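Please keep the sequence and the structure in view while reading.

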Number of protein chains: 2
Amino acid sequence: MIKSITESPLYRIINPRSIAIFGASNNFSRMGSIILSSVQALGYEGAIYPIHPTEKVVRGLKAYPTIADLPEIPDLAIIVLPTEIVCRTINECGRKGIRHAVVVSGGFRETGAEGARLQKELEAIADNYGMRFLGPNCLGVANPHLKFNPTPLRAEGPAGFVGLASQSGSFVTQMFNYLHRHGLGFSTALSVGNEANIDLVDCLQYLAVCPNTKVIAIYVEGISRGRQFVETAKEISLHKPIVALYVGGSEMGKRAGLSHTGSIAGPDELYEGVFRQCGIIRARSITELFDFALALGRLPRPQGNRVIVQTHSGGPGATAADACGTAGLVLPPLSPETVDKLRPLIPHTASTANPVDMTFSKNQADDFYKIPDLLLQEKDADMLMVYFVSPGVFIERLLNDSGMAPELARQETQKIIDELTNAFLSLRSLHHKPIVGYTYQSIDEGIIKKLLERGFPVYEDAERAARSLAALIRYYTMRDRRSRATRGSG
Amino acid sequence: MIKSITESPLYRIINPRSIAIFGASNNFSRMGSIILSSVQALGYEGAIYPIHPTEKVVRGLKAYPTIADLPEIPDLAIIVLPTEIVCRTINECGRKGIRHAVVVSGGFRETGAEGARLQKELEAIADNYGMRFLGPNCLGVANPHLKFNPTPLRAEGPAGFVGLASQSGSFVTQMFNYLHRHGLGFSTALSVGNEANIDLVDCLQYLAVCPNTKVIAIYVEGISRGRQFVETAKEISLHKPIVALYVGGSEMGKRAGLSHTGSIAGPDELYEGVFRQCGIIRARSITELFDFALALGRLPRPQGNRVIVQTHSGGPGATAADACGTAGLVLPPLSPETVDKLRPLIPHTASTANPVDMTFSKNQADDFYKIPDLLLQEKDADMLMVYFVSPGVFIERLLNDSGMAPELARQETQKIIDELTNAFLSLRSLHHKPIVGYTYQSIDEGIIKKLLERGFPVYEDAERAARSLAALIRYYTMRDRRSRATRGSG
């Protein structure tokens, strides 16, 4: 393990002060050009040197015919060239004194015996210069905190806290939009490709000490350095959560992984055991990988597994209760004191069992502040799960029905929604209990969008919310058990 | 079982020619007023008679002081009154000659012993007049095909093919937005509430013969008429699929259901057995309930469980392969003939294993037509699952980079997207195989929105797509087995 990111071979790959890019040209449909365009779009502030045999200017930047012509030794070379000339290019980079590279080009181990031979050659050249590189057959890296995104799709949304190490480049570049919409963002995302020189273990070590990373997510098709992986992950998960999606467990997933990055997968039970041993929280889909990351990165530590469900609708309440039950959470009854305080705030048809079902809103403001505040004070419960139907449509309709002009009604609604959001979110600093929301409405608008933007987790189904809370508990339970065991043996 | 919807006690509740509404007033925040406003908003064309003791005009409609004053006997009475006066009102409706009602008011069996007594009284009064009613403690009905929506939230999107019978009113009125966004809509949705007079079994019988209903979805907290439920569902599922979400199976769900509608739930295994015996496809969340309904309502019958996954990204491909494997689907290798035809259309780095991973698009148009067309011709496969990253952002960026003016680039992109969508969707009528998409992008925009609007299922995760295809196969497999058994014993 390392103590600081500067010790990592990934440090200058993730935080380069200057880059050379091979394969970018004024033919804007080439992958190299597309990657350069992403780098420029996010506003990377280091020097950018396009290398091109004939073009003098590439996308407005002075281009150089060979790497030898550069005025300085860049921190990083990004190589997006045909397979045949990758080795030669890496050799030239090494000769120039470049010590870090991202090899985007494919056509290596993942394509069979000839490709594997070529990959060996590439490894030998790099070793010769002491050069460290990501790939080949990868999309490299995205570090939104440095405004550095050399991947095909443009970065969206603010930089975040999820450190991703992925055996798929798509889950780096194609997830910006998803993460942004779901209230998340990458701290750093790494696509490891064929892992010829830098692998998942190196990534874990970097992300463990990366100050922007609160939770590590990994996408795994197969792990090569098994023992090192286990040792590293075990140590990290004692202070930073790791969530993993493993897709090599089914016969279909295993074969797909093999043809994708050439990874050798193992039986599902084996990986299940490895993850448990390491204190890694396992996700069963991409959705769940980021759902769990959201909970682990945003929520305080729960003191137990007792949840109160707050709803104004019986069905969503019962669905949440069932989802909690299935996920291993418990819905305790409210204490008589809480019930007494709650009574004046809710209709007589309301249920003060748990789920607390208000049946309808006596007062919207109470739903967003007084009621959840009371429920968070309940000493017999550890977490709160709130069902949201964006009140915007409803409020605007009432204002319209009351005779208010449409434009004014819209503005007034917006103001009310902002106030409700502020009131609700202020509860987070008053109570140190995990609070999550769930909804069946669009996360792209109204109060749901506002809540997500402000770092409050809202899930698009009760099941997802319940499973995310369960993952949160699982993490701390494992960590405590392992901490005790470590102290016991130390 | 009935042969035609007109034989059902629900017929005039779902298809009333005229309605009386109790509880609507010019106080626009009352539930009765809100419901009336929804009815007016969707444009119901039958006569609407608000009954109000003092107001002469309610929401622009002539109001009547008592039901006795009406000029005709309406088909349906909708009652949104305080609990205490519901029985008296139902009695007056009966005396007037009204034979169908929806009792929205709560405060009956779900609240305890006194409420249960009141409910018995309500039942006796209705029986006395031969009156049939939905509720109490329900949101009644929505029939978008008749533009009839007496529920609190406004209907959105076109009428659809999902017939819902729900022990939660929220899953009727709060799902319009969800269904519309996900390419679905209700044929008819029924909230059964406490099921005092009309229950889930009656709903099933109606939906079985409802010509607008292609698939039946049920939300269940507990079933009272067990034997009749089984007999009815068994018969229906031989010709129309039924999907069920049951939430009484966990201890938490059971308790929540009890306090919501007073339903008595049974152990999960019991319901699992009942559903299997009936040929009902079980969903494990609200999301899955409608995911399965989408597949069952939109897709042709698959001939087997062999899927081809088409992707241009390895990770989403491997994720889909694993999700298929986990869901019990098989990814067969492509036949040599298909591989030969495919080769010229894809890059040399592409994989012609299954998933077919193009790694990048040689030609967008081929991705949307020629390639899926070839894959659908593959005789060794029964279904196609396609990974979508909306090409819009990418195309627009290329056009911008090529120097096209932004507004023109936007229009041009829109035109290309429309053409790609049309080409892709034309494959549905050429091949009688199920085709689904999956994506991690927003379903609310771009090509994904277009595909959903035109009835093509796109799921927001590979896992959801794979599980929906598996549900489709499960339905037809069960149906065939039971058909054979029925014929064998007949």
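In chain A, the domain assignment gives domain 1 (5–296) and domain 2 (301–473); such bounds come from an automatic or database domain assignment. The model is predicted, so local features need pLDDT of at least 70 and side-chain atom pairs count only at pLDDT 80 or more, while totals for chains, interfaces and linings use all residues. Residues are numbered from 1 along each chain as its sequence is written, chains are lettered from A and ligands numbered from 1 in the order in which they are written, and side-chain values use heavy atoms, with hydrogens and water left out.

**Between the two domains of chain A**

Taken over C-alpha atoms, the centres of domain 1 of chain A and domain 2 of chain A are 39 Å apart. Domain 1 of chain A brings 13 residues to the contact and domain 2 of chain A brings twelve residues, where contact means heavy atoms within 4.5 Å. The two domains of chain A bury about 1,200 Å² between them, and carbon and sulfur atoms give 53% of this area. Buried area is the accessible area (1.4 Å probe) that two parts lose on being put together, summed over both.

Which three residues supply more than any other three of the area that domain 1 of chain A buries against domain 2 of chain A? They are A:Arg181, A:Asp291 and A:Ala295, with 36%.

Side chains of opposite charge can pair when their charged atoms come close. The rule used here for a salt bridge asks for a side-chain nitrogen of Lys or Arg within 4 Å of a carboxyl oxygen of Asp or Glu. Four salt bridges are found across the interface of domain 1 of chain A and domain 2 of chain A. There are also seven residue pairs in polar contact between these domains, both residues at pLDDT 80 or more. A polar contact is a pair of N or O atoms within 3.5 Å; within protein, one must be able to donate a hydrogen and the other to accept it, and residues adjacent in sequence count only if both atoms are side-chain atoms.

On the side of domain 1 of chain A that touches domain 2 of chain A, helix H6 (176–181) and helix H11 (286–298) of chain A each supply at least two residues. H11(A) gives the most, with seven residues. Helices (H or I, at least four residues) and strands (E, at least two) are DSSP runs, numbered from the N terminus. By class, this side of domain 1 of chain A has six nonpolar, three polar and four charged residues. Ala, Val, Leu, Ile, Met, Phe, Trp, Tyr, Cys and Pro count as nonpolar, Asp, Glu, Lys and Arg as charged, and the others, Gly among them, as polar.

**Between the chains**

The area buried between chain B and chain A is about 5,400 Å², with 57% from carbon and sulfur atoms. B:Met252, B:Arg397 and B:Tyr440 supply 13% of the area that chain B buries against chain A, more than any other three residues.

Chain B and chain A share four salt bridges and 26 residue pairs in polar contact, both at pLDDT 80 or more.

**Salt bridges**

Over all chains the structure holds 60 salt bridges. Some of them are listed here.

| Residue pair | N to O distance |
|---|---|
| A:Arg464 and A:Asp291 | 2.7 Å |
| A:Glu463 and B:Arg284 | 3.7 Å |
| A:Lys379 and A:Glu337 | 3.6 Å |

The pair of A:Lys379 and A:Glu337 links distant parts of the chain, 42 residues apart. A:Lys379 is in the loop between helix H15 (370–377) and E16 of chain A, and A:Glu337 is in helix H13 (residues 336–342) of chain A.

**Backbone**

Most residues other than glycine have a negative phi, and most peptide bonds are trans. The peptide bond from A:Gly135 to A:Pro136 is cis, with omega near -5°, and A:Pro136 sits in the loop between strand E7 (132–134) and strand E8 (140–142) of chain A. A:Lys147 has a positive phi, near 55°.
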